[in-house]
Amino acid sequence: MAEGVSRPQLTPVGEKLLPAKCKADTLTYCPTMDLIALTTEDEELHVFRLNGQRVFGGSFKGDPYLGEDEADGEIRALKWKDNGNLLAVACADDTVRLISSYTGKTVHHYSATQSQTQGSRLVSISRLGWEVNFTDSRAAQRHLHEAAGQLTVSDLLSPDTQPSKAAALLKADLPRELALLDIESSLPKLSTLPATGSDDDVFSSRASIDAIFHSSSKNNNDAVDVLLVGFEDGNIHLRIFDCFEIGSFQIGASIGGSPCNIMRHASHPLSSTHALLALTPTADSSDALRLFTTDLRFITRSGRYLSLLAYKTTQLQNLLRYICQVQRQIELEWKNAQELPARYMRSINEDLQEKCHCDFVTAAYHLVVTGDCFEPLKEFLVDIVGERGHKRWEKAVSGGYENVRRLTHECLLPALERCEVLLSRLIGLSKFQKLSEVLGLETANLNAIVETLDCLHLLSHHIIIHANEELSQFVSFSQWLRHEIDMQSAEPMSQTLEELMEKTDLTEYPQTLKYIRGALTKSTLQNFIHQLPMMGIPMVRLSATTSDKWATGNEGSFYDTFKKLLEQLDQAHDDADPPKLPKMNDLTKRLGLQFEKLFADIALTQRRGILHRSPLALHADADREVFDMATCYENTETEENSVIYIAARSRKTHHMLYLYRVVLDSENGVSSTRAICIGAVDLQEGEIHQILFVQDDTVMLLWSDNQGAAYLLNFPFQPASTFNHEEIFSSPSPFFINYSDVCDFTAPEPTTDTMTLDLLSPDSTHASLIKHAFAVSGPKAKPLRFDVNGRKGRRAICVLYSDGLRYEVLDMDAEMADEDDEESDY
């Protein structure tokens, strides 16, 4: 290493020793908060703060005792959402979990594959991408031009961050405000549900429910976030707005159906074209890097209504999950209310049948009417039930009825009302014919869903009415039961017995008899709520035909049919068989299938608008181990264009860097290639270990010289013609790469002008490109990988060292501030 070389040092702001060795390719820095996510080799997810405190994490391995495969929990990829609120985790079982940065809980968990295989080998996830796109890029560009540099793309994407600034610079848009006008925020907030203890339990806390249903920042901008899951065979799975599924497609069709291993993904908010870099097989049995472009035309075709549509459908998906969880909780509470009385009656019925030839219902009815207590019944009341048993009985049944009533009234009905408000908006969009074809909405399907919701409304009101009635009857029965327990326990001719006899007239006999004859064993609620299995009671198995009868469509109005069945039930005599009507679980199943069809139709319509092609195959000398890709929006000759940059190390010369520049034209969301250029940078010695494009339009390299000393380099990668201001780059000697057109794509090495950098000479103008020099020896001498939080004013670098057990966070802006302070001192 040359003597006198400048060795700038960035300020360390955090350091952490890890509990196990880190998987280097999973290290990722949150774009908006100082959170670092990584995976260790024991397949544990860890998220740390700068001070090393663990925020959340865990393992997703299956339990072998439950027959689950531990290998399914292998974590393949991590990716933060653009706003940092969620972390996507892809596992070996091809499922993706979205975990909240604030609670550490799984907000969504879904499969990203459709059981596709490549030969006999299972296809695994190879890449996660999560980007955001404006639905109306022209309007966004107009806002940026009118703001004259005072607004950035980030300001448009998150206007709530600085509301006063956005309000001052963004002009009022009345049509947009009318389109987004919503009464949803005026509806009562949904109630929390009892915790289930599962990983995806997201409705048990107030903060979690507010984040899902009542967030004020939802749907306040014209942007859509796109989550892309890439597979080793070139399959792409798309979702928008966190969980709304667009579906899967195969990009290998662009090159004749060859398998493509997705390695990188990039996009820019102002363009709906997404770039994918994949490894593809070549004639000599080696893999080469190839660029694919994917035009998500549904973003531009649907415009501002895509945000509205995706937001409403995502809310419907969340509400369906909420309704299903309420339904399961109601069934559980109903089971708890029935189980203890059934156990008591089962214990006495056999004895009564043997000695008195009757059951508990007959014996209790006989006791109420005549005052005569059969001997087995007396033993049961005094010895088995007693005071303690009565309290348990009362608590179980009254608590069960009250919880069923509360869950129905406070949770189910408000959720149904929310669903109908959301659907009314979608029905309005579906009746606008020009738009319905683009969005994939069918009015008939939406009306069928509304009918099912109306049936659930009606069912809920019947549950509340009958729960109130039966609870009132049970209160009378419970008072009578306690009175009889005390009377049967009292000594004959005692004063206690006389006092109890005087209180006999206080019993409400009509209500008690109604309960014994009816709800004690034949509750009306069993016609509305599915009975879960109870211990000691044989389960009535419904045939598949019966259980699926209500899930499919019916001729005529389903609501009218359901209403007639309810009327028949109300008019049926106690001893008659009640009509078979759909229970709550049948209606929620029907609702789920209808929503599934609605979402599938929307997704199919959007998926038809996706186009993909392959404009570039990188030269054979481009290293498939060390590379990166980014998308920018630049001022070219007469207009602004989307430009894809690919940086790759040379296979033969590890200190050589190739930079490909692909300029795209776009018309109505369809991209075409305007020009392909290439530039090269020669560092003269050493080896490039990692390349990373940073959000501030620079590329950062991890490079070591011939002596093994490691450095972080940082320089702009765009040509000088794209910059309008000299202050874009703060180096004393501005450095720009020269790009030239690609003449021969088949040549093993590209032919281009090479920019040679002299980094280690003390008087070199290129020495300022070195941002950080690592220690020459010790545990921090050999960095393995780094990631950058590229937000302006708070740029930080997280460096993982070669042992995989230690990382360090370096502050780029603190170093720049120190330089400014030194200059001002002089």
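H357 counts as exposed in this predicted model, at 66% relative accessibility, where exposed denotes over 50% relative accessible area, buried under 20% and partly exposed the range in between (1.4 Å probe, protein chains only). Residues are numbered from 1 along each chain as its sequence is written. As the model is predicted, local features need pLDDT of at least 70 and side-chain atom pairs count only at pLDDT 80 or more, while totals for chains, interfaces and linings use all residues; side-chain values use heavy atoms, with hydrogens and water left out. H357 is located in the loop between α7 and α8 (360-370), the elements being DSSP runs numbered from the N terminus (helices: H or I, at least four residues; strands: E, at least two). The phi angle of H357 is near 60°, a positive value in a residue other than glycine.

A positive phi, of about 65°, is also found at D94, which is not a glycine. D94 belongs to the loop between β7 (86-91) and β8 (95-100). With a relative accessible area of 8%, D94 is buried.

Strand β14 (residues 235-240) has six of its six residues buried, so this strand is largely enclosed by the rest of the structure. N235, H237 and R239 point one way from β14, whereas I236, L238 and I240 point the other way. Strand β13 (residues 223-231) pairs with β14 in the antiparallel sense over five bridges, pairing being assigned if DSSP finds at least two bridges between two strands. Within this pair, V229 has H237 of β14 as its bridge partner. The hairpin of β13 and β14 has three residues between the strands, and G234 in this hairpin takes a positive phi near 90°. Strand β15 (residues 244-250) is likewise paired with β14 in the antiparallel sense, over six bridges. Here the bridge partner of H237 is S248 of β15. Three residues also lie between the strands in the hairpin of β14 and β15, where F241 takes a positive phi near 50°.

Helix packing was examined with axes defined as lines fitted to C-alpha atoms over the stretch in contact, and with angles running from 0 to 180 degrees between N-to-C directions. The axes of helix α5 (residues 206-213) and helix α7 (residues 304-355) come within 10 Å and cross at roughly 145°. In this contact (heavy atoms within 4.5 Å), I209, I212 and F213 of α5 meet Q315, N318, L319 and Y322 of α7. The contact of α5 with α7 comprises five nonpolar, two polar and no charged residues, where Ala, Val, Leu, Ile, Met, Phe, Trp, Tyr, Cys and Pro count as nonpolar, Asp, Glu, Lys and Arg as charged, and the others, Gly among them, as polar.

Helix α13 (residues 509-517) packs against α8 at an angle of about 170°, with the axes 10 Å apart. The two helices are therefore roughly antiparallel, a class for angles over 145 degrees, with under 35 counted as roughly parallel, 65 to 115 as roughly perpendicular and the rest as oblique. V361, A364, Y365, V368 and V369 of α8 meet Y509, T512, L513, I516 and R517 of α13. By class, this contact has eight nonpolar, one polar and one charged residues.

Helix α11 (residues 443-489) and α13 pack at an angle of about 105°, with their axes 8 Å apart, and are therefore roughly perpendicular to each other. Contributing residues include F474, F477 and W480 of α11 and Y509, Y515 and I516 of α13. The contact of α11 with α13 has six nonpolar, five polar and two charged residues.
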